[in-house]
Amino acid sequence: MSKILVDLLSREHAAIGVFLELLGQEAQAMTDGDFAELPGLAERKARMAEQIAHIGTRRDAQQEALGYGPGRRGADAAAAAGDAALKTTWRELLARAEQARDLNHRNGVMVHTHLDFTRQTLNFLKAGGQPLYGPDGTHQSGGSGNRLAVG
């Protein structure tokens, strides 16, 4: 009875492991200021999240076929009634899912921190009410009028 469910839980556990790797890469890219990597990582994370959801749907169907409800409540009940392998696999999946939730939250905080910094910087640059540099690259707020780019 629990062999198929253990297999699905193991697959979900492995998929969340890949998601965790992507979260680590995303955090490293933000830490390194390599923001050009973020769109590709976001796309890969979205695909992994879809895969995890698909496995979860299959797990729900298996739980229902075994007489348990879908979702967390059904999985808890199936694990409680199952053998040691099922109990262990479910516990490990829950731990990994919690880790993914925490890392995803941390990355979200990092993204919002970068956005806030960028907004504050833009507001500071706009505070004078006139552009800091003209279309020709000349510094416009007093000073020597040195160009940033010549061309």
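Just after helix α1, G33 takes a positive phi of about 75°. The model is predicted: local features need pLDDT of at least 70, side-chain atom pairs count only at pLDDT 80 or more, and totals for chains, interfaces and linings use all residues. Residues are numbered from 1 along each chain as its sequence is written, and side-chain values use heavy atoms, with hydrogens and water left out. Helices are DSSP runs of H or I with at least four residues, numbered from the N terminus.

**Helix pairs**

The table lists two packed pairs; axes are lines fitted to C-alpha atoms over the stretch in contact, and angles run from 0 to 180 degrees between N-to-C directions.

| Pair | Residues | Angle | Axis separation |
|---|---|---|---|
| α1 and α2 | 2–32 and 38–65 | about 165° | 9 Å apart |
| α3 and α4 | 71–81 and 84–126 | roughly 145° | within 8 Å |

Because the α1 and α2 axes pack at about 165°, α1 is roughly antiparallel to α2, a term for angles over 145 degrees. Their crossing is left-handed, meaning that the near helix is turned anticlockwise from the far one by less than a right angle. By class, the contact of α1 with α2 has 18 nonpolar, four polar and seven charged residues. Ala, Val, Leu, Ile, Met, Phe, Trp, Tyr, Cys and Pro count as nonpolar, Asp, Glu, Lys and Arg as charged, and the others, Gly among them, as polar.

The crossing of α3 and α4 is left-handed. On the α3 side R72, A75, D76, A78, A79 and A80 meet L86, K87, W90 and L94 of α4, where contact means heavy atoms within 4.5 Å. These residues divide into seven nonpolar, no polar and three charged.

**Helix lengths**

**Buried positions**

Buried means under 20% relative accessible area, with a 1.4 Å probe and protein chains only. In α4 the buried residues are L86, T89, W90, L93, A100, N107 and M110. They pack against α1, α2 and α3.

Q63 belongs to helix α2. Q63 is buried, with a relative accessible area of 0%. Neighbours within four places in sequence aside, Q63 is in contact with L5, Y68, G69, P70, G71, G74 and A75.

Notes. Helices (H or I, at least four residues) and strands (E, at least two) are DSSP runs, numbered from the N terminus. Angles under 35 degrees count as roughly parallel, over 145 as roughly antiparallel, 65 to 115 as roughly perpendicular and the rest as oblique. Buried means under 20% relative accessible area, exposed over 50%, partly exposed in between (1.4 Å probe, protein chains only).
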